[in-house]
Amino acid sequence: MNDVIVVASGKGGTGKSTVCVGLSVALVKQNKKVLLIDCDCGMRGIDLMLDVEKEILFDCSDVVCGNCKLADAIYPSRNLSELHIMAAPFDTDNEISPSVFKQMVDELKGGYDYVVIDSPAGLGSGFETAAAPADRALIVTNAEPTSIRGAVKIRTKLKNLGVFDIRLVINRFDRKQFEQNACYKDLDEVIDVIGVRLIALVPYDGRLSAMFQNGYAELNWSPAMTVFDCLARRICGVKVPLAYKV
Ligand SMILES: Nc1ncnc2c1ncn2[C@@H]1O[C@H](COP(=O)(O)OP(=O)(O)OP(=O)(O)O)[C@@H](O)[C@H]1O
Ligand SMILES: [Mg+2]
């Protein structure tokens, strides 16, 4: 299988890292072996969300610079043995070129069912690196105009980079707020503007935020985790309806 999935958004703060962690945990629950690579160079956060920050000695830039072997930069998550993590460099001066990153992921992916890549906000070189090895992409957006503009831009960018298998995740959705804002008639209009098929609608879930920001993403149930379980099954090709309806 060896699917490599990049999680992208254009605009910052839409929930890319949250979706990466939620999806990876849910894929492991589907008995898949997963490598989650943080490619947000200079702004890494996956290590904190999965409570392994104290263990990280080497990151992906150490691999490409020859400071360590590939295996030395891969860390098992604390609570799920089938979820492995590779951190992004802590500093921005360690940028990685797209071709070198792709080569590294190509070497690694045979050992996993899925490789999930967290990308930085924006359309720049950091994003191009994150997207280089991808077979498919998830665009994460919030249902508001600034975020949606980012989603449209990143969709175009992904296609220019040769990634055509793209699905949409609408995250942090609050129906009451959405209706009060009245920027769009309904969610179908949002999906039409972005022009990408919806694969998951994740509700606003304060409990999810508290869990993920405190480093125990794998441990608890929350309404949004149910959606990630459904997303993981859909990623695996199981035909299940959306967990949270449009
Ligand atoms: N469904 C949700 N419900 C409630 N809070 C959420 C949800 N998804 C994400 N958040 C919160 O929103 C904030 C931003 O999320 P996250 O860090 O995942 O975004 P990001 O797109 O990775 O940001 P960046 O562009 O800075 O990397 C975090 O505080 C996170 O806990
Ligand atoms: Mg992030």
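**Exercise 1.** At what angle do helix H6 and helix H8 pack, and how far apart are their axes?

*Solution.* The model is predicted. Start with the geometry. Two packed helices are described by the angle between their axes and the distance between the axes. H6 covers residues 145-160, and H8 covers residues 187-194. Their angle is about 35°, and their axes lie 9 Å apart. Next, find the contact residues. H6 contributes Ile148, Ala151, Val152 and Arg155. H8 contributes Val190, Val193 and Ile194. Last, sort them by class. The contact has six nonpolar residues, one charged residue and no polar ones.

**Exercise 2.** Is strand S5 largely enclosed or open?

*Solution.* Take residues 114-118. Five of the five are buried, so S5 is largely enclosed by the rest of the structure. Now check each face. Tyr114, Val116 and Asp118 are buried on one side. Val115 and Ile117 are buried on the other. Then look at the partner strands. S1 (residues 3-8) runs parallel to S5, joined by five bridges. Here Val4 stands opposite Val115. S2 (residues 34-38) also pairs with S5 in the parallel sense, over five bridges. There Asp38 faces Asp118. Finally, follow Ile117 into the core. The largest nonpolar core has 81 residues, and Ile117 and Ile139 have the most contacts inside it. Among the residues Ile117 touches are Val4, Ile37 and Ala130.

**Exercise 3.** Which element supplies the largest share of the shell around ligand 1?

*Solution.* Count the shell: 21 residues surround ligand 1. Gly12, Gly15, Ser17, Thr18 and Ser209 are the closest. H1 (16-29), S7 (165-173) and H9 (206-213) each supply at least two residues. H9 gives the largest share, five residues. By class, the shell has six nonpolar, 11 polar and four charged residues.

Conventions: Residues are numbered from 1 along each chain as its sequence is written. Chains are lettered from A and ligands numbered from 1 in the order in which they are written. This is a predicted model: local features need pLDDT of at least 70, side-chain atom pairs count only at pLDDT 80 or more; totals for chains, interfaces and linings use all residues. A residue is near a molecule or strand if its C-beta atom, placed from the backbone, lies within 6 Å of it. Helices (H or I, at least four residues) and strands (E, at least two) are DSSP runs, numbered from the N terminus. Ala, Val, Leu, Ile, Met, Phe, Trp, Tyr, Cys and Pro count as nonpolar, Asp, Glu, Lys and Arg as charged, and the others, Gly among them, as polar. A nonpolar core is a set of buried Ala, Val, Leu, Ile, Met, Phe, Trp, Tyr and Cys residues joined through C-beta atoms within 7 Å. A residue is buried if 20 or more other C-beta atoms lie within 10 Å of its own, exposed if 12 or fewer, and partly exposed in between; C-beta atoms are placed from the backbone. Two residues are in contact if their C-beta atoms, placed from the backbone, lie within 7 Å. Axes are lines fitted to C-alpha atoms, for helices over the stretch in contact, and angles run from 0 to 180 degrees between N-to-C directions. Two strands pair if DSSP finds at least two bridges between them. Lists of a residue's contacts leave out its neighbours within four places in sequence.
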